[in-house]
Amino acid sequence: MDVYNLTTVTQFILIGLSDLPEVRYPLFVAFVIIYQITLLGNGLILLAIVTEKKLQTPMYYLLANLSLLDIFCPSATVPKMLKNLLTEDHSISFVGCALQLYFLVALAGTEVFLLAVMAYDRYVAICFPLRYSLIMTKVRCVQLLFGTWAAGFLNSFVHTMSTFSLSFCNSNRVNQYYCDIPPVVALSCSSTYMAEMLVLVIGGICGVGAFLITLISYIYIVSTILKIQSAEGKRKAFSTCASHLLVVFLFYGTTIFTYIRPTSSQHSPGRDRLISMLYGVITPMLNPIIYSLRNTEVKGALRKVLHLRICS
């Protein structure tokens with residue numbers, strides 16, 4: 001047997017866009033701008049919620065956590081990606097890859113659960129408006145938020161342990177610009193059956209369960225809105241959940257496009273990775289824009305924050 005095949009992998013090489021060198025520098029500039037807009041937009045949402053007493057309600061506490069996730073999630077991948085675009089060294093240590101995968105999966109999983117909780121919050125607000133303050137108390141909100149973060153990080157711990165308990169003794173070239181479960185598992189020279197089954201079973205149950213909660217909540221929401229007699233009443237009811245509905249469509253649409261779509265036979269793998277990269281960093285940037293454009297209370301709070309900063 002080849003000596004190379006007996007060597008344990010101590011680091012991985014993130015291929016990224018190494019086969020598309022002509023777009024490296026334009027992409028570096030584009031992603032720096034996108035990343036800065038993401039940090040600024042979500043940071044302003046957080047600042048507005050913290051400083052504006054009118055926004056200190058369960059709905060906006062959930063939005064604040066979404067903004068936190070939209071800051072943390074790209075921060076797990078974008079800085080390393082920017083470094084790789086500028087340098088020839090695309091390596092990442094075994095531990096570094098494990099940590100990147102852990103936090104990326106944890107934050108993405110937490111966002112799935114959080115979107116389900118936000119859908120439930122809108123369901124209670126629209127279907128049971130008189131009981132909303134009794135059902136969605138601050139204590140209940142904190143419990144739901146703790147559950148979403150705990151579930152996301154526990155789910156990621158299971159997947160990270162099962163992925164990195166595999167043996168890696170052949171290629172160490174990760175076919176992506178960050179460490180993710182499918183491209184890392186594909187490098188294993190041992191049986192991947194258990195790791196793949198955990199992704200299908202645990203990921204399927206959690207992901208499908210959260211999606212169904214979101215879907216069923218919006219079925220009841222739409223049904224309730226359609227029963228409202230006045231057009232103005234329908235408009236006001238729909239406006240309370242329109243921003244979240246757009247974010248849900250954006251999140252699940254990009255996830256399906258990135259992970260479930262078939263690989264293009266007409267383009268190179270590098271172009272497919274480029275598409276995944278664009279969708280992975282654009283979604284966190286668009287979420288605060290959607291909320292600031294669609295939500296009058298957030299727009300008002302942002303105006304106050306910007307006015308105070310300009311005056312100071």
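The lining of the largest cavity has seven nonpolar, four polar and one charged residues. Here Ala, Val, Leu, Ile, Met, Phe, Trp, Tyr, Cys and Pro count as nonpolar, Asp, Glu, Lys and Arg as charged, and the others, Gly among them, as polar. The model is predicted: local features need pLDDT of at least 70, side-chain atom pairs count only at pLDDT 80 or more, and totals for chains, interfaces and linings use all residues. Numbering starts from 1 along each chain as its sequence is written, and side-chain values use heavy atoms, with hydrogens and water left out.

A cavity is a set of points, on a 1 Å grid over the protein atoms alone, where a 1.4 Å probe fits but cannot get out; lining residues have an atom within 4 Å of a point. Volume is the space filled by probe spheres set on the points, with grid points joined across faces, edges and corners. The structure holds two cavities of 30 Å³ or more.

The largest cavity holds about 90 Å³ of space. Its lining comprises 12 residues, and Ile15, Gly16, Leu17, Asn84 and Leu85 lie nearest the centre. Helix H3 (residues 78–86) gives the largest share of this lining, three residues. Helices are DSSP runs (H or I, at least four residues), numbered from the N terminus.

The second largest cavity holds about 70 Å³. Met59, Leu62, Met118, Asp121, Arg122, Thr240, His244 and Tyr291 line this space. By class, that is four nonpolar, two polar and two charged residues. H4 gives the most, with three residues.

H4 also packs against another helix. H4 (residues 94–127) and H6 (residues 138–164) meet at an angle of about 145°, with axes 7 Å apart. Axes are lines fitted to C-alpha atoms over the stretch in contact, and angles run from 0 to 180 degrees between N-to-C directions. The crossing is right-handed (the near helix is turned clockwise from the far one by less than a right angle). The contact of H4 with H6 has 19 nonpolar, eight polar and no charged residues.

Phenylalanine 164 lies in H6. Its relative accessible area is 13%, so it is buried (under 20%, with a 1.4 Å probe and protein chains only). Leaving aside residues up to four places away in sequence, phenylalanine 164 touches Phe12, Phe94, Cys97, Ala98, Leu101 and Val184. Contact means heavy atoms within 4.5 Å. Isoleucine 181 sits 17 residues from phenylalanine 164 along the chain, and their C-alpha atoms are separated by 9.5 Å.

Technical notes. Helices (H or I, at least four residues) and strands (E, at least two) are DSSP runs, numbered from the N terminus. On a 1 Å grid over the protein atoms alone, a cavity is a set of points where a 1.4 Å probe fits but cannot get out, and a pocket is an open set with protein on both sides within 12 Å along at least five of seven lines; lining residues have an atom within 4 Å of a point. Buried means under 20% relative accessible area, exposed over 50%, partly exposed in between (1.4 Å probe, protein chains only).
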